[in-house]
Amino acid sequence: MLKRMAPFLGIARLNFDARPDGDDLKASGLFPAQPLISSDDWTALMAYYIDAAPNDVATQPARPKAQKLELFRPRELVFSTDAPCTSLLQVDSRAGGLWVGDAQAKTLTLCGADGKVKRRIATDSAPISIINEPDKLWVALIGRILPSDERLGQVWELNPKDKTWTPTGLLSGLRRPVEMHRLDMDGDNDKDLLVASFGNVLGRLSWFSGVGRRDARPQEHSLQEIAGSVQCGVHDWNGDGRPDLTVLRAQGLECVEIYFNQGGGAFAMKRVIEFPPAYGSCRLELADFDSDNIPELIVVNGDKGDYACGSRGYHGVRIFQQTAPEKFTERFFFPLYGAYGAKAADFDNDGDLDLALISFFPDYDRAPDEGFVYLRNDGKWRFQPFVIEQSKLGRWIVLDAGDIDGDKDVDIVLGSFVRGPRTIQIPPSVERQWETQRLSVLLLENTLGTR
């Protein structure tokens, strides 16, 4: 990590000519042409961190012992023709199935509840986010799946009534877009498109007016020029009738920011939660756990794809409650090595919200069965964990929840990405199973509707 920091201080030089995004990186001014500190100071700085760093950060806080999950029936649902690299998973109850994006095959597929293909389209790169409306389907394509500042990301529009499913290009030249939303950003009663472009060193959070309109050209409005925008939740925090944005950031600046809507397309940003830059912030959900009509913030910390390193006890899922205007207090923490996703829903139909969790970087020595964990809400910020034997069938990078089979209960789907960063020790037998079985999607079928 220290070696990678050196170019930001001018101590080392990047070979811009050898990188496809080199011109943009050089023009950014982020990498000084001359050292900002002396070599002696840099040597002393490295020595300080090496000496002061703890030998082990893998110890987790105490937590309830996991039990065997009986509420769900695991079903192997979707298989890939190659190594599964699921980049998108979204339950679509209206269509009676789910959308699956694959980074390896470069496809977007609508599968039925039985896993059979209903529709499929080839894409230029990995589908990463979709907006499904009755008359249109908008798809964000990431460009480069691995860290990059190349401007290869796109947004396509598809007409569900078009039998050929011919895409219309709406936006291009985006730096690794990872999420998008449709909402009225400027109060003109016309929906705009909010796009979080994660990038790598460069990035942007911005919204586009006039997207998809024949009488207007898209116009971009930048909210923040910084890399690492991961997810964005929409909620009116101050009750003024305008949608505010709750944004999770990763990379060097890990935090949660709220962009308060001032009207007319103007926003005022307030940083409400900050994390150390090693936490690996990767997912954000908004859900009301205490039934006060004010959502809590569910933050997932567990990304460790940059460097090969040991497990981290501070990885996991945290729930923050608003305790005063613009103030959030941590109410719950569930430690989970390599945590990567969370979905809140009343899975057991008892009137409160439970949590479904995944890990993309599990510790196969300490916790081999925790690629998926279900947390049952027992009230008063207490949750009981459950696990399944089928957790090892995939390397879970995405999940979603919804009634996929129409039986009036909430099911869970897990998407596997088996060729992710090799920054953890994976048992060879597990990797062989991933490669040979080629399971893309595991369905956890809720059994409430069949009882």
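Lys68 stands opposite Val387 in strand S26 of this predicted model. The two residues belong to a pairing in which S1 and strand S26 (residues 382-387) run in the parallel sense over two bridges. Strands here are DSSP runs of E with at least two residues, helices are runs of H or I with at least four, and both are numbered from the N terminus. Two strands count as paired if DSSP finds at least two bridges between them. Strands of a sheet pair through backbone hydrogen bonds, either parallel or antiparallel.

S1 and S26 form part of an open sheet of five strands, ordered S1-S26-S25-S24-S23, whose pairing is mixed. Strand S1 (67-68) and strand S23 (339-345) lie at its edges with a single partner strand each, so one side of each has no neighbour in the sheet.

Another open sheet has four strands in the order S2-S29-S28-S27, and its pairing is antiparallel. Its edge strands are strand S2 (72-79) and strand S27 (396-402), each of which pairs on one side only. On average, neighbouring strands of this sheet are turned by 20 degrees against each other, direction ignored; such angles run from 0 to 180 degrees between N-to-C directions, with axes fitted as lines to C-alpha atoms. Six bridges join S27 to strand S28 (residues 411-416) in the antiparallel sense, and Gly402 stands opposite Asp411 in S28.

Strand S11 (residues 177-183) pairs in the antiparallel sense and is mostly covered, with five of its seven residues buried. Buried means under 20% relative accessible area, exposed means over 50%, and partly exposed lies in between, with a 1.4 Å probe and protein chains only. The partner of S11 is strand S12 (residues 192-197), joined over six bridges; His181 stands opposite Leu194 in S12.

Phe8 is placed in the loop between helix H1 (2-5) and helix H2 (22-28). This residue counts as partly exposed because its relative accessibility is 32%.

For the protein chain as a whole, the secondary structure comes to four helices and 29 strands. Buried residues make up 51% of its 451 residues. The C-alpha atoms fill a box of roughly 70 × 60 × 50 Å along the principal axes. The radius of gyration is 22 Å, which agrees with the value near 22 Å for a compact globule of 451 residues; it is taken over C-alpha atoms, and the globule rule is 2.2 Å times the number of residues to the power 0.38.

Residues are numbered from 1 along each chain as its sequence is written. In this predicted model, local features need pLDDT of at least 70, side-chain atom pairs count only at pLDDT 80 or more, and totals for chains, interfaces and linings use all residues, while side-chain values use heavy atoms, leaving out hydrogens and water.
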